[in-house]
Amino acid sequence: MRLVDRCGFAMLATLAFAGSALGARDPGASVSWPGGTAVVSYGSEAALAAALERHPAQLVRRIPALRVATVRPHGDVARFAAAIDAEPGILRVERASARR
């Protein structure tokens with residue numbers, strides 16, 4: 001009887017942990033770009049300027065010490081992010097995080 005109890009407990013524990021993982025999915029695929037903005041990390045001011053010249057966007061905020069800028073593109077943000085991410089000197093393009 002103890003063996004049956006242990007096996008039953010092991011199966012329930014496995015289902016509890018595996019079951020919660022089955023419903024998990026990448027939130028990035030469905031989350032919109034907050035405020036229609038993207039956060040761009042860049043290697044130099046010149047690289048950011050050149051990238052924004054080729055892919056126009058309104059500069060919302062810039063933090064030069066961190067080499068990060070928040071921009072609002074004129075068109076689709078996801079397309080803009082993919083295009084500007086491929087530019088030389090652009091290190092990363094991300095969604096803005098919610099402040100708590």
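This is a predicted model: local features need pLDDT of at least 70, side-chain atom pairs count only at pLDDT 80 or more; totals for chains, interfaces and linings use all residues.
Two strands pair if DSSP finds at least two bridges between them. Helices (H or I, at least four residues) and strands (E, at least two) are themselves DSSP runs, numbered from the N terminus.

Residues are numbered from 1 along each chain as its sequence is written, and side-chain values use heavy atoms, with hydrogens and water left out.

**The sheet**

The chain has 3 helices and 4 strands. Along the sequence they follow the pattern α-β-α-β-β-α-β. The 4 strands form an open sheet in the order β2-β3-β1-β4, with antiparallel pairing. β2 and β4 are the edge strands, and each pairs on one side only. From one strand to the next, the twist averages 25°. Angles run from 0 to 180 degrees between N-to-C directions, along axes fitted to C-alpha atoms, for helices over the stretch in contact. Strands β1 and β3 run antiparallel and are joined by 4 bridges.

| Element | Residues |
|---|---|
| β1 | 38-42 |
| β2 | 57-63 |
| β3 | 68-73 |
| β4 | 90-94 |

**The helices**

Contact means heavy atoms within 4.5 Å. Helix α3 (residues 77-85) lies across β1, β2, β3 and β4. It runs at about 165° to β4.

Which residues of helix α2 are buried? They are A47, L48, A51 and L52. Buried means under 20% relative accessible area, exposed over 50%, and partly exposed in between (1.4 Å probe, protein chains only). Seen down the axis of α2, the buried residues fall within an arc of 125°, so they line one face of the helix. That arc is taken from the directions from the helix axis to the C-beta atoms. On the other side of α2, A46 and E53 are exposed. The cover over the buried residues of α2 includes β1, β2, β3, α3 and β4.

**The core**

A nonpolar core is a set of buried Ala, Val, Leu, Ile, Met, Phe, Trp, Tyr and Cys residues joined through side-chain atoms within 4.5 Å. The largest one has 16 residues. L52, V71, I84, I90 and V93 have the most contacts inside it. Helix α3 gives the largest share, 4 residues.
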